[in-house]
Amino acid sequence: MHSPTRAILWEISARNRYALMFAFGVMPVCAVLAACTRWYLVWSGRPLPDETGDPGPLVVAVTLIVFSALLSLTSIFWSFSFTSIDDRGRFGGFPVRLFTLPLLTRSAAAPPVFAGVAALVASYAVWASMLFLLLRRNEPVPWLTLAWQLLVLATAFVSQQAIVWLLYPFRFMRMVVIALMGTGFLIVFLVGTATNFYQQPVAWFTSGGAGFLAAVAAAFGVVHWERRGGWQNIGRVSVRLWRNVKRFSSAARAQFWFECRRKEMFGAGVIGLAMTAALMVWTVPEKLLMNPEKTGIPVSPAVEFSFFWILPMTTLLITSAMGASFGKSDPWGPEIAMSSFHAVRPLTTAQLVIAKWFAGLRMVLLAWVIFVLTCVAIVLVSQGEQVWFFPDFLSSFADLHPALVRWITNPAVLLTIFALQCQAVTASMSVVLSGQRRRVAINGWVGILTLGVWIGVIAWFAQRPNHFQLARPFLPWIAIALVIYKLWCAFSVFRKARRELLTQKECAALLLLWIVLAVGIVFSAAAALYANVLPKELIWFLAIWFLPSGEMPACVLHLAMNRHR
């Protein structure tokens with residue numbers, strides 16, 4: 001190519017072509033959905049967003065567009081993060097191969113920075129326009145708010161790029177700094193316009209513009225500094241947050257430290273922030289739709305119910321995805337087969353699995369800490385959120401859903417929810433520990449299809465109660481068959497693992513954990529039936545769905561096959 005800028009942009013687009021195709025390809029699909037929804041509301045005579053009536057179609061369209069927008073912006077962030085990648089799939093700093101070419105520093109750093117900013121600004125403007133089309137009517141476009149959000153988004157992207165390039169030798173510190181910086185920009189993005197923004201827009205935009213220019217200068221300065229040696233000139237000054245001041249007491253303890261060191265903090269941050277984002281969506285019906293005195297828009301129980309499912313479903317899916325990383329020797333590497341470094345360690349297969357399981361348990365604990373701290377920070381930093389959350393949301397939610405509040409605040413139910421999250425880590429880890437790509441792919445698609453069938457059946461019965469009455473006599477027999485199948489699977493896996501790989505003590509401990517989790521699920525289901533939180537048939541099938549079927553000894557069996565392959 002005749003231009004270095006074109007060559008760098010071609011490399012970015014070629015390496016991330018599928019992510020960029022998704023990021024920009026989903027826009028016209030959602031634009032058609034927004035236009036059709038708006039046309040349907042007008043054509044059918046249904047109420048528009050500022051009128052009274054059932055907002056069901058509007059809520060569904062807005063929800064799909066919001067999630068598509070989040071995925072699109074995340075894909076663009078990922079695609080334009082211009083870094084070098086080693087053979088193990090780990091992200092480094094700025095690609096050093098460009099330093100050997102006759103290029104100026106600004107010619108090497110400018111294309112990924114400004115192209116990423118342009119792509120983010122353009123995509124966010126499109127998504128914001130779609131939401132404005134659906135949620136507004138006969139109102140002027142809030143140009144000041146949109147311009148401020150675009151400025152904050154651009155500054156966040158450039159700052160994140162500078163941090164990635166600067167702190168590439170310190171992966172743990174880099175993740176912590178990026179997480180803290182992302183939280184700060186999110187607060188500024190959401191809270192900025194809720195203060196005295198409109199009274200002093202010049203001051204806000206002046207400070208925001210200065211911040212953007214400082215971020216660009218920092219990104220260029222980092223590349224310039226790294227080109228002249230960077231960390232190699234002053235040595236690798238590492239901050240060892242996980243420093244071990246004494247020798248490990250056992251090989252199992254060393255393996256546990258190794259698992260936590262490589263996977264814990266990143267997974268906990270992803271799970272905790274995802275839970276926070278899901279909780280913000282969970283409160284949407286209470287804040288926007290369930291206050292007819294202010295909005296004049298009532299919400300149907302089906303729409304409200306669908307919002308409440310976002311938090312647990314998001315939590316379980318993200319936890320399963322992060323738990324799968326414990327099944328790999330290197331969470332960032334492309335290989336899922338066990339490395340020889342781990343296979344020859346002086347540990348039994350059961351000890352390796354238990355170390356991984358306890359590391360996943362600590363990851364879930366840390367994720368809950370991050371979730372609580374992030375929610376408290378958002379509520380306390382934003383005065384509007386604080387005033388709304390405590391007197392309005394909590395009181396109205398307790399009045400509208402007293403049975404759900406009593407059920408979810410039960411200590412035994414809370415412990416069961418936490419145990420189910422740990423069970424999700426174990427289940428996903430069990431599949432990956434086999435080291436077989438075909439098994440991982442098949443189990444992933446089977447899980448997605450099964451979940452889709454469950455959701456489709458529930459939605460079908462909710463829309464057609466007469467069909468539910470026809471199927472009702474068969475549901476107990478289906479439930480009994482599923483229980484027998486899960487119990488048989490658990491018994492067979494325990495028996496095989498006990499005969500080949502587990503000691504009597506280990507088998508007793510795993511069996512006790514299985515019994516405790518099963519008892520907790522049964523108790524939580526009984527409490528839900530007593531409180532009448534959900535239809536009893538749905539509670540039965542949810543209890544059977546989450547009933548464990550020997551995933552922990554299955555982890556031992558799969559790792560043994562992988563280890564000796």
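**View A. Helices H18 and H22 lie oblique to each other.** The two helices pack at an angle of about 130 degrees, and their axes are 9 Å apart. An angle under 35 degrees counts as roughly parallel, one over 145 as roughly antiparallel, one from 65 to 115 as roughly perpendicular, and the rest as oblique. The axes are lines fitted to C-alpha atoms, for helices over the stretch in contact, with angles running from 0 to 180 degrees between N-to-C directions. H18 passes H22 in a left-handed crossing, a term used where the near helix is turned anticlockwise from the far one by less than a right angle, while clockwise gives a right-handed crossing. On the H18 side the contact is made by Ala412, Val413, Thr416, Ala419, Leu420 and Gln423, and on the H22 side by Leu517, Gly520, Ile521, Phe523 and Ser524; contact means heavy atoms within 4.5 Å.

This is a predicted model, in which local features need pLDDT of at least 70 and side-chain atom pairs count only at pLDDT 80 or more, whereas totals for chains, interfaces and linings use all residues. Residues are numbered from 1 along each chain as its sequence is written, and side-chain values use heavy atoms, with hydrogens and water left out.

**View B. The whole protein chain has 24 helices and zero strands.** Helices (H or I, at least four residues) and strands (E, at least two) are DSSP runs, numbered from the N terminus. The chain has 565 residues, of which 44% count as buried, where buried means under 20% relative accessible area, exposed means over 50%, and partly exposed lies in between (1.4 Å probe, protein chains only). Its accessible surface comes to about 30,200 Å², and 71% of that belongs to carbon and sulfur atoms. Among contacts between residues at least 6 apart in sequence, 81% join residues at least 24 apart.

**View C. The largest nonpolar core has 46 residues.** Such a core is a set of buried Ala, Val, Leu, Ile, Met, Phe, Trp, Tyr and Cys residues joined through side-chain atoms within 4.5 Å. The residues with the most contacts inside the largest core are Ile271, Val353, Met363, Leu433, Leu502 and Leu559. Two or more residues come from each of the helices H9 (251-282), H13 (310-324), H15 (349-381), H18 (411-432), H21 (475-500), H22 (504-531) and H24 (551-563). H15 gives the most, with 12 residues. A second, separate core of 40 residues includes Phe80, Leu98, Phe220 and Val222.

**View D. Leu433 and Lys356 are in contact with each other.** Leaving aside neighbours within four places in sequence, Leu433 is in contact with Phe326, Gly327, Val353, Lys356, Cys555, His558, Leu559 and Asn562. Lys356 lies in helix H15 and counts as buried because its relative accessibility is 3%. With the sequence neighbours again left aside up to four places, Lys356 is in contact with Glu259, Lys263, Phe326, Lys328, Met429 and Leu433.

**View E. Thr315 and Met313 are two residues of helix H13.** Thr315 counts as buried, at 10% relative accessibility, whereas Met313 is partly exposed, with a relative accessible area of 23%. Not counting residues up to four places away in sequence, Thr315 touches Met275 and Gln421. Met313 and Ala278 are 35 residues apart in sequence, and their C-alpha atoms are 9.1 Å apart in space.

**View F. Helix H1 (residues 4-15) crosses helix H4 (residues 105-135) at roughly 50 degrees, their axes coming within 9 Å.** That angle makes H1 oblique to H4, and the crossing is right-handed. Thr5, Ile8, Leu9 and Ile12 of H1 make the contact with Ser107, Ala108, Pro111, Pro112 and Ala115 of H4.

**View G. Helices H22 and H23 are roughly antiparallel to each other.** The axes of H22 and H23 (residues 536-546) come within 10 Å and cross at roughly 170 degrees. From H22, the residues Ile521, Ala525, Ala528 and Leu529 meet Lys536, Ile539, Trp540, Ala543 and Phe546 in H23. Ile521 of H22 also takes part in the contact with H18.

**View H. Tyr40 lies in helix H2 (residues 17-43).** At 28% relative accessibility, Tyr40 counts as partly exposed. Tyr40 and Pro57 are 17 residues apart in sequence and 8.9 Å apart in space, from C-alpha to C-alpha.

Conventions: Areas by Shrake-Rupley, 256 points an atom, 1.4 Å probe, with all protein chains shown as cover.
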